[in-house]
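Let's take a walk through this structure together, one piece at a time. Keep the viewer open and follow along as we go.

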Amino acid sequence: MANLLWLQGGACSGNTMSFLNAEEPSACDLVTDFGINVLWQPSLGLELGDDVKAILEKCISGEIQLDIFVFEGTVVNAPDGTGEWNRFCGRAMKEWVKELSAAAQFVVAIGDCATWGGIPATAPNPSESQGLQFLKREHGGALGASFTSKAGLPVINIPGCPAHPDWVTQILVAVATGRAGDLSLDEFQRPKTFFSSFTQTGCTRNMHFAYKVSATAFGQRKGCLFYDLGCRGPMTHSPCNRILWNRVSSKTRAGMPCLGCTEPEFPFFDLAPGTVFKTQTVMGVPKDLPAGVDKKGYVKLTAAAKGAAPAWAEEDIFVV
Amino acid sequence: MSETASAPPVDAAADERLRAEIAARLKAGLETEAWPRAETSEMVNEIVARLQHATPEDLDAKLTIAGVTDHTIEADEIEQPCETCMYYLVHRRFCELPELMIPVEPQWSCRLWRI
């Protein structure tokens, strides 16, 4: 039996909604098949007010062993570092986060806000938001760069806006069943099993990427979304086209550009007008090239691939 | 399900007639805004916005605003022919930028070129 506590800070509840849609395994499977005891969760917990507070205090004192502390949303520090804009059970949420993280065997940050600040931390960041151990790419965050939980791991970051439900439940199962040692984390503390490949990996538009045929409008079945519509699939680490959403699709499969939501900089370019859904260029060359590709190589490859494109690559082959 | 914004059904003869018409206008000296090239995304957005406000049937306006030329332009040490542009359909010899949608030749160029 592993005790799990889930709290929300500066959050929209999107990751909770995502979590409740998990299938492999489902949220119910966590309880019935994998021995997870949900002490409290904002959308599932039965307790209110002082009863919730009592659970939190018992976790901190050790009266209840806290095995997994899950946090969703940013750690709000406003105003002036006090955190009073986000109060919970009689005190600033940031204080609960600090003490519960110190008491937990494992700490798991779910979603962009909890991992690196996400949209609330976009400049000028009026809520003074931070992720648990990062603020965008900067290591540190609310718990500090040197933080490790009782089990010796830093915060396990599962980013996304929201995170895919099965990334969440599969990591929780690994931790709850004593397999946390098998998890290897990347430089941003994301489980490599999910975040080493790219969103582009498994994308049905890869043939259009290869032959440099561009989509020119949302929802088109033909064409790659990277060249014009701002898709970040070639430089975003996620398994969105390997572990499909609702088991059937992904943004790019549906004709919607990847927004890069599993990367620390999300939302990119601070949402400046004209930067969303539009590939940013310098003299016609994308500012952000596919990971590991330089400008010279990109220009050469593109010219050659374009010249070699077969006729079918320029047609809609997904016909009824 | 039909596509939301794609090239109209291909009429090769109509493409050829319009391509020849454009070539003739450019050869006759139509002065297009080939410079400055769209160096930044902001410049791209401005030019595209002007194209969106142009009358769709006004071919001269489209060619002028986009800076179409009947020869390749080199900028920032990179040649910018239609044939390497993302909006170019190789087999139809056609520019699929929604605001242009015109038949072209591979060695032509415009300042909205992107790779």
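Predicted model: local features only at pLDDT ≥ 70, side-chain atom pairs only at ≥ 80, totals over all residues.

Helix α2 (residues 41-53) of chain B packs against helix α3 (residues 59-66) of chain B at an angle of about 175°, and their axes are 10 Å apart. α2(B) and α3(B) are therefore roughly antiparallel to each other. On the side of α2(B), the residues that meet the partner helix are Ile47(B), Arg50(B) and Leu51(B); α3(B) answers with Lys62(B), Ile65(B) and Ala66(B). By class, the contact of α2(B) with α3(B) holds four nonpolar residues, two charged ones and no polar ones.

Staying in chain B, let's turn to its strands. Here an open sheet of three strands runs in the order β3-β4-β5 (chain B), with antiparallel pairing. Its edge strands are β3 (88-89) and β5 (102-103) of chain B, each of which pairs on one side only. Two bridges link β3(B) to strand β4 (residues 94-95) of chain B in the antiparallel sense. If you want one pair to find on screen, Leu89(B) has Phe94(B) in β4(B) as its bridge partner.

Now for chain A, which is divided into domain 1 (2-194) and domain 2 (197-314). The C-alpha centres of domain 1 of chain A and domain 2 of chain A are 31 Å apart. Where these domains touch, 17 residues of domain 1 of chain A are in contact with twelve residues of domain 2 of chain A. The domain 1 side of that contact is made up of eight nonpolar, four polar and five charged residues.

Chain A also has an open sheet, with five strands in the order β2-β1-β3-β7-β11 (chain A) and parallel pairing. At its edges stand β2 (36-40) and β11 (156-158) of chain A; each has a single partner strand, so one side of each is left without a neighbour in the sheet. From one strand to the next, the twist averages 25°. Further in, strand β1 (residues 2-8) of chain A runs parallel to strand β3 (residues 68-72) of chain A, and five bridges join them. Leu4(A), for instance, has Ile68(A) in β3(A) as its bridge partner.

What lies across β1, β3 and β7 (106-110) of chain A? That is α4(A), which runs at about 150° to β3(A). Helix α4 (residues 93-103) of chain A also packs against helix α3 (residues 50-61) of chain A, at an angle of about 45° and with their axes 8 Å apart. That angle makes α3(A) oblique to α4(A), and the crossing is left-handed. The contact is made by Leu56(A), Cys59(A) and Ile60(A) of α3(A) together with Trp96(A), Glu99(A), Leu100(A) and Ala103(A) of α4(A). Six of these residues are nonpolar, one is charged and none is polar.

Finally, let's bring the chains together. Their contact takes 26 residues from chain A and 28 residues from chain B. On the chain A side, β12 (281-282) and α9 (295-308) of chain A are the elements that give two or more residues, and α9(A) gives the most, with four residues. That side of chain A divides into ten nonpolar, nine polar and seven charged residues.

Terms used. Residues numbered from 1 in each chain as written. Chains lettered and ligands numbered in written order. Axes fitted to C-alpha atoms, helices over the stretch in contact; angles between N-to-C directions. Parallel < 35°, antiparallel > 145°, perpendicular 65-115°, else oblique. Left-handed = near helix turned anticlockwise from the far one by under 90°. Contact = placed C-beta atoms within 7 Å. Nonpolar A, V, L, I, M, F, W, Y, C, P; charged D, E, K, R; others polar. Pairing = 2+ DSSP bridges. Domains from an automatic or database assignment.
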